[in-house]
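Me: I have a complex on my screen and want to go through its interfaces. Please take my questions one by one.

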Amino acid sequence: MEILKNIAMVEWVYYFFAALAISGALGTILSKKPMHSVIALIITFFSLSGIYVLLNAQFLAVVNIIVYAGAIMVLFLFVIMFLNLRQESNELSNTSMVVASTVSGLLLALMLVAVFRKAYIDPISPALFSSETGMIERLGNLLYTHYMLPFELVSVLFLVAISGAILIGKREKGGRHF
Amino acid sequence: MTDAPPGYGGPGFFATSLDKVIGIARSNSLWPLPFATSCCGIEFMATMGAHYDISRFGAERPSFSPRQSDVLLVMGTIAKKMGPVVKQVYLQMAEPRWVVAVGACASSGGIFDTYSVLQGIDRIIPVDVYVPGCPPRPEQILDGLMQVQELAKGESLRRRETEEYRALLESYNILEKNDR
Amino acid sequence: MLTDRSKKTDKSDLSVVEKTYLPGVFKGMAITLKHFFMPKPTIRYPEQKRYLGPVFRGHHILKRDDQGRERCTACGLCAVACPAEAISMVAAERVKGEEHLYREEKYAAAYEINMLRCIFCGLCEEACPKQAIYLRHDKFVPVFTDRHDVIYGKDVLVEDMNNRYNRDAWTKEDMAKLWEKQNA
Amino acid sequence: MIDNQRLVEEIGGQFGEKVHRFEENFGILGFSTAPEDLLSVVAFLKEHPVLKFNFLTDITGVHFPDNTGAEFCSVCLMHSWENRIRVRIKVFVPKENPVVPSLTPLFDAANWMERETFDFYGILYSGHPNLKRILNMDDMDYFPMRKEYALEDPTRRDKIDDLFGR
Amino acid sequence: MTENNTIVARTQEEALALNVPLQEENNYTTLNLGPTHPATHGIFQNILTMDGERIVSSEMTVGYIHRAFEKIAERRPFYQITTLTDRMNYCSSPINNMGWHMTVEKLLEVTVPKRAQYIRVIMMELARIADHLICSSIMGVDTGAFSGFLYVMQEREKIYEVYEEMCGARLTTNMGRIGGMERDLSPTAIKKIKDLVYNSLPKVFAEFEELFDRNRIFRDRTIGVGPVSKEMAVSYGFTGPNLRAAGIDYDVRVIEPYSSYEDFEFEIPVGHNGDTYDRYKVRNAEVWESIKIIRQAIENLPEGPYHANENHYYLPPKQAVYQNMEALIYHFKIVMGEIDAPVGEVYHAVEGGNGELGFYLISDGGRAPFRLHFRRPCFIYYQAYGELIKGGTVSDAIPIMSSLNVIAGELDA
Amino acid sequence: MESVLLIKGIIILVIFALSLGIAAYETYFERVIAAYIQDRVGPDRAGPHGILQPLADAGKLFFKEDFVPVMADKWLFIIGPGIAMFTALMSSAVIPFGDTLKIGDLLVPIQGMDVNIGILWVFGVVAMGVYGMLIGGWASNNKYSLYGAIRAASQAISYEIALGLCLLAVILVTGSLSLREIATQQHGINWNVFYQPVGFILFFVCALAECNRTPFDLPETEAELVVGYMTEFGSMKMGLYMFAEYVNMFISSAIMASLYFGAYNYPGMDFVREFLISKLGDTTGHNLATLLGTAVFFLKIFMFIFTFMWIRWTLPRFKYEQLMKLGWQWMVPLAMVNLVVMAVATLSGKPLLVAWLGMGGFLLVYFTGRSMYEKRFN
């Protein structure tokens, strides 16, 4: 009980968001209706954004919502609505499916363990803390100086992806009209 | 909760004045579902128009979705082929709902006493107000609407749960919410 | 072409500026704004009533004559003329001592009109040889809440001598004379 | 200018005995033909280079209960817009076998007109793509416009007499 | 959608056109448009098969207000049939009314005096204006602009005032009689008509046209939508404005003039390719032509009686009935419907609001028609609707429907 | 600290209540404006001039039977309207409704919260607004609703692009993402609309589209899809959707006013402020001047709301593919041009001149080129 009292307000908020994120993630994979999965995933994104805000990364938080929750998940919902997957699919009963998912899950866990064992987290020092970290000016400066090359490469990649998408999406004769 | 003074507690004072307030609110916000099939529908257009302006009664938001409407205005002949549709629309409406049979055809079949015409929609759904005329003048349609307003004002909030009301619905063979 | 009177409608293309949507939008908005400030023709119905016209076909009335006798003789022509078959009557012979009540030897003991069947076409008024039934030009039938109230009997239909119904002209011919007077 | 006389000559010349009972009613020429000839007569009128009966105005049915052996009549009305003249073609068929060829191959408009006539009289149009009831309910078991069915069925239960005012 | 890089056809036509196998399992959805859909204005049901937003095919069901006019007519005296015809095309009931009376007059060989004919023309053209006003403005409503509708409805209200002056009803007028009119035009009515055709209507209607004609949004929604070629129009039995929009100037008023239409100067507006915009424009142009006709008729209104002097068919004056035995007998005979109708067959067509409105009357000399068939233009051309909306979207289907001006009362009879 | 929180709390509450109240009365004004535009008088029987109409509607909606259609997805059906309302209300937090209020020694800005990413916040929340419609439309298990929902989502996503590009142009000029900063920079009559009128028009059109107002009200086209995604919703659920729509309208008007029309700034504000301070003293004068600014801001908002309604009752609506075409083929390129022009203008040092020259030149070249092309090939 004493421990609980010592936890600061910020940490409460953090735990709340963390719990929400995990339950959302669980809901995503456990829910039987794809529509509900998507909603749960959106909840996860939201709580992640909350955690970003706690880390004073407001820009990242909002962009996370705009891009992931606002655009990508809407497209997900779109696809699900079009496919009309209202009925439950029983694909999981397939044994090979179960085996495959178990193996890949284990591999992922292994990888994460390996990564985190090596990971080194800077201790937070209040002296070095600047409220400007994570602010958009800093971000912009960094992106256009230090990370110039990767940033431009990524934009080229996106351009290619867009062109590819247009090419794929082009209507063919006899194709479906949407 | 402290005890209310005698006469002011329980279902007495509060409930009745709430009934009244909500009744007035309802009566001023009757969204019609214009179920217009023929001539009377044209007169309903005139009722919506500038000269008569049904919006003065707070009823200009014609909601074509039965879920959102309060008054089913049946305007025009209802053939036997149409009967089930009317009933379906009525069933889909949420309580409290009122039905106005506008014009002779909807009320009684009018001159069309034939093999194909339903002799009044009150054979399939309960009707609250009948508006005579063929077609009724816009004034008469407004009269019908005002009559519904009167009914709404006088209606208690619990009327739709009473035995009498249920019996009325059952006499029309309308069971609870199965078909929604 | 079948005739020499045809005329093509205008379907010319829009100009480049019109294609930006804006001219059409602004023109339309100017029109609606003009209407926003225009006087409103609305009749606030229950308080204000509109003149229904000189020959409006409204509420039925069974006229009495000047001495208060019922004019109807129960000939049944109105019932025949009624396309909705909404009129029914029972005829009775006038007995002695009822001369002040009925003008003719025969009268309608019962006279019923089903107001929900009635289509207010005016054929009964036209068919009546005794000028007994009229459709009032100043009043229409009220709405009903119960289908058992819709049959109007003589108690509602027959004219009230204290509150007589009047109109400018009782027949088409009188009406025409009236117009002539108006024109002169 | 083409008048009814010319029409009679043209049609009579082409079909001879197959068309009969020429009559003129208020300016419109009418004649009858047998069901098996209807299609060719209509096609002839439609495709004639001069007559040009390009428009099918109407198809309807009539029931003559007293006309034994030919109770039903399918009437079709054609109009030549250029010559401003109409013609009426009747086909009489017996009650037992009321089959008339459908005009749908020639005019798309015939589709619903024939369905309506079928709905009302039960005249069967052979070759019709979708001959079923149109105005009445599908489960109706009689043809309401036939003369033997009175308008009001006294046994009907949906009529409230005490409210009828009669 | 392609699967394994092979093109798959979804419909029979596609399969034939591309010479590929037809895919059995289709992903079409069905959408039920009607019978109480807000845009059906009346009641027709269309079960649409949709491919996304595109309509693949549609199945139409009508008859939701079938009222058996023709059956009722077989037991009604001639004069009572007006109450039926009034309710057929309720947007323009005087046209039906006059058309029916002209049919009967043709059968009875009654000549109608010139003044009555002119009054009829005025009434019919007013009715045509009312009909076209509703149709054109409803197109605005269906494309989302509501205000124009209420602007012209005010003008329609003025037309109704004229009717009220004439007969005492607004919609189902019952104003014609065998042999003429029920009443003469009153001075007030003349004043109102003049005010309408000279002042208010041209102003308001020009404004209404300005609101839509050159508005690109409206044009985009209507131009090229649901075009009807000449051949298709003729084959599907189009008449009236819808046919004229396709470019054929067929108008019963000119081809077979009735009721003194030959006296009036007017043009027949025709469209270009019969699309929705053409239908809209043709209707609007016809309103202007009708205004022209009414102006001519009201200016040159001949003096004289407003009904034929036919004791057998036209009710005698009330005063005469009261005093004169012969008049009383005629009165009884007419009301009882026992007029001496000759045996015969008549087909009479008038230019209704939607096209050629025909009355096919077979009389066996009895009290009521032996057979009365109405050629209802709506009923005949509505069958093309399914063809017209194929390949379009629901957003196209709605303006097409309203531009066809299908009136349920006329459609289902 | 405590008092600041308290004042903030009060301000947030007031903004919240105001948004709801304005949304409620927007329904009333929509009716009255529609009526006046259509030569009618509008509601006049519920209270004087029908002023109690929204209360009547709310009272009725609250006490209407609340049910979930049998075939609907129950939870999502309930959540849908909630999300719509929630997202609609959230964006009002960052709008600078006025300058600062002086309370004691404190200067408290009239704003829910002044975050330095304010405009992105709005953008993010607007992006979330789609979910309400999508979920609601899908959950009702009705084809009209589904079509409405799909249309709503694709329309919102498409127009967000142009919206974002217009926003970028504003941010470029201001150099800040904070709405307060943007508002402050438009001091007096230095409004952004004079720099980028084209940007404003584009933004306005996008705002219409994002609010699902005519001519972009495809998701709820009455004539086509009954009421679109809210077809199956009755009682207060439907009321929430309707409210959300009106709140959105209020918010987008406020954002337009603060992005392009100088928020609480008005010509001669400095003079008014000094005059008030000299007359009424430092604190009262300052506060009064601030409140005057807020009033001006609301005036601007109401002007926009009126324009929204005015357009609604004037124009026909688009067709789906035309809407998409307009969004992608007209708005996005034009917004990009606007962005480029504004970038050049900002760098040039003479923003006003260069912006007008650039945009005007572009449009002139485009239209002459286009008409010449059309003349040649048609």
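Reply: What follows covers two interfaces, chain C with chain E and chain F with chain B. This is a predicted model, where local features need pLDDT of at least 70, side-chain atom pairs count only at pLDDT 80 or more, and totals for chains, interfaces and linings use all residues. Residues are numbered from 1 along each chain as its sequence is written, chains are lettered from A and ligands numbered from 1 in the order in which they are written, and side-chain values use heavy atoms, with hydrogens and water left out.

Me: What makes chain C and chain E count as being in contact?
Reply: Contact means heavy atoms within 4.5 Å. By that rule, 56 residues of chain C are in contact with 75 residues of chain E.

Me: How much area do chain C and chain E bury between them?
Reply: About 5,800 Å², with 54% of it on carbon and sulfur atoms. Buried area is the accessible area (1.4 Å probe) that two parts lose on being put together, summed over both.

Me: Why is the link between D278(E) and K11(C) called a salt bridge?
Reply: The term needs a side-chain nitrogen of Lys or Arg within 4 Å of a carboxyl oxygen of Asp or Glu. In D278(E) and K11(C) the closest N and O atoms are 3.3 Å apart, so the pair qualifies. The count between chain C and chain E is eleven salt bridges.

Me: Which element gives the largest share of the side of chain C that touches chain E?
Reply: α1(C), with seven residues. That side of chain C divides into 24 nonpolar, twelve polar and 20 charged residues.

Me: Why are β1(C) and β8(E) said to pair?
Reply: Two strands pair if DSSP finds at least two bridges between them. β1(C) and β8(E), residues 268-270, have three bridges, so they pair, in the parallel sense. S6(C) stands opposite I268(E) in β8(E).

Me: Now chain F and chain B. How many residues are in contact?
Reply: 32 residues of chain F and 33 residues of chain B. The area buried between chain F and chain B is about 2,800 Å², and carbon and sulfur atoms give 54% of it.

Me: What makes D44(F) and R56(B) a salt bridge?
Reply: Their side chains meet at 3.8 Å, N to O. That is inside the cut-off, so the name holds. Chain F and chain B have four salt bridges between them.

How values were computed:
Helix = DSSP H or I, 4+ residues; strand = E, 2+ residues; numbered from the N terminus. Nonpolar A, V, L, I, M, F, W, Y, C, P; charged D, E, K, R; others polar.
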